[in-house]
Amino acid sequence: MLSELNAFYESHRISPLSFRCPLRSACSANSPYFTEARASFVGPRYREHQLPRLLFLSLDSGSGEREPRRRTAESVRRQELATDVGALPKHKHWYRTHELAFELLHQFRADLTIADTRLYFAHVNSAKCCQNKSQRRQADQTLFENCRRFIPGELRILKPDIVVTQGNPAKDGILKNFEVREHRVQIVAAPRYKNDARYETGLLEIGTGAHESLWLHTYHPTNFGRFNPQRRYCWPLYAEAAGRFWRGSNN
């Protein structure tokens with residue numbers, strides 16, 4: 001699967017090792033610390049399909065390595081597998097991603113741990129390059145708009161069963177590239193929180209062959225005021241939806 005991704009990056013001129021994207025100047029404008037494309041993370045057991053293929057579509061990487069070889073799919077995988085998940089800040093994006101993966105997947109494997117979830121999920125950034133803004137602030141809208149064209153190709157290669165978008169630019173990447181069927185939005189009361197919780201799901205057909213995916217939309221973890229009530233009140237609902245979808249698709 002990594003070889004397919006590498007071939008895709010090369011054919012679209014966004015390979016970390018031979019980056020030739022014609023939109024580089026537009027995306028790097030006013031960004032003195034700009035770094036070029038970073039490959040997606042694909043867990044080593046994602047392809048085996050023993051569990052639902054879970055794919056997170058997020059925003060930009062926040063920080064990017066200067067050395068191109070540190071941004072390849074193989075290197076990204078090695079770096080992620082070497083990370084101590086338990087030592088990650090519990091309120092930050094990457095730990096919360098593992099936490100949600102556990103919420104969705106542990107119903108299918110009783111001995112799964114939060115750290116083990118990375119073996120089974122993929123993580124794709126909506127913006128391939130990085131402006132490396134201070135305090136990992138979100139990239140300019142230009143990057144998301146310019147990179148949106150790459151999302152369908154990556155998802156066709158990765159063939160996810162469940163797609164979780166993290167933040168509105170990622171959601172736009174779905175809505176502007178795919179037809180969303182059975183789109184459902186429900187506002188769930190969240191006592192003791194300033195904002196109620198938003199539960200949003202849909203179905204996507206990715207590529208040819210009628211490969212159908214369950215889509216779940218979440219706020220990005222940096223949006224604390226809306227993410228926290230959603231985490232408490234909607235994540236169990238998302239897990240139920242994932243269970244129904246996976247079991248129904250395998251009957």
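This is a short tour of the structure above, one selection at a time.

**Before you start**

The model is predicted, and local features are listed only at pLDDT of at least 70, side-chain atom pairs only at pLDDT 80 or more, while totals for chains, interfaces and linings use all residues. Residues are numbered from 1 along each chain as its sequence is written, and side-chain values use heavy atoms, with hydrogens and water left out.

Buried means under 20% relative accessible area, exposed means over 50%, and partly exposed is in between (1.4 Å probe, protein chains only). Helices (H or I, at least four residues) and strands (E, at least two) are DSSP runs, numbered from the N terminus. Contact means heavy atoms within 4.5 Å.

**Stop 1: the cores**

Select Val42, Leu55, Leu155, Leu158, Val163, Ile174 and Leu204. These residues have the most contacts inside the largest nonpolar core, which has 39 residues. A nonpolar core is a set of buried Ala, Val, Leu, Ile, Met, Phe, Trp, Tyr and Cys residues joined through side-chain atoms within 4.5 Å. Which elements give two or more residues to this core? They are helix H1 (2-11), strand S2 (54-58), strand S3 (121-125), helix H5 (141-147), helix H6 (151-158) and helix H7 (168-175).

Now centre on Leu155. Beyond its neighbours within four places in sequence, Leu155 is in contact with Leu55, Pro160, Val163, Ile174, Phe178 and Ile206.

There is also a second, separate core of 33 residues. Leu51, Trp94, Phe121 and Ala242 are among its members.

**Stop 2: helix H1**

Select Leu2, Leu5, Phe8 and Tyr9. These are the buried residues of H1. Look down the axis: the buried residues of H1 fall within an arc of 120 degrees, so they line one face of the helix. The arc is that of the directions from the helix axis to the C-beta atoms. An α-helix has 3.6 residues a turn, so residues three or four places apart point the same way.

What do the buried residues of H1 pack against? Their partners are strand S1 (41-42), helix H3 (73-81) and H6. Turn to the other side of H1 and you find Ser3 and Ser11, both exposed. Just after H1, pick Arg13, which takes a positive phi of about 65 degrees.

**Stop 3: helix H3**

Select Ala73, Ser75, Val76 and Glu80, the buried residues of H3. Seen down the axis of H3, they fall within an arc of 165 degrees, so they line one face of the helix. They pack against H1, S1 and helix H4 (93-105).

**Stop 4: two lysines**

Pick Lys128, in the loop between S3 and H5. Is Lys128 buried or exposed? It counts as buried, at 5% relative accessibility. Show the side chain of Glu154: it makes a polar contact with the side chain of Lys128 (2.2 Å). A polar contact is a pair of N or O atoms within 3.5 Å; within protein, one must be able to donate a hydrogen and the other to accept it, and residues adjacent in sequence count only if both atoms are side-chain atoms.

Next, pick Lys171 in helix H7. Lys171 is buried, with a relative accessible area of 13%. Leaving out residues up to four places away in sequence, Lys171 touches Thr165, Arg198, Glu200, Trp215 and His217.

**Stop 5: aromatic rings**

Rings of Phe, Tyr and Trp (its six-membered ring) pair if their centres lie within 6.5 Å; planes under 30 degrees apart count as stacked, over 60 as edge-to-face and the rest as tilted. The count comes to 9 aromatic pairs.

Select Tyr193 and Tyr233. This pair is edge-to-face, with 6.3 Å centre to centre and 85 degrees between the planes. Tyr193 is in the loop between strand S5 (180-188) and strand S6 (197-205), and Tyr233 is in helix H8 (residues 224-233), 40 residues apart. Tyr193 is partly exposed at 32% relative accessibility, and Tyr233 is partly exposed at 22%.

Move to Tyr199 and Tyr238. Their ring centres are 5.1 Å apart and their planes at 20 degrees, so the pair is stacked. Tyr199 lies in strand S6 and Tyr238 in helix H9 (residues 235-249), so the pair ties together parts 39 residues apart in sequence. Both Tyr199 and Tyr238 are buried.

Finish with Phe41, Phe56, Trp94 and Phe121, which form one aromatic cluster.
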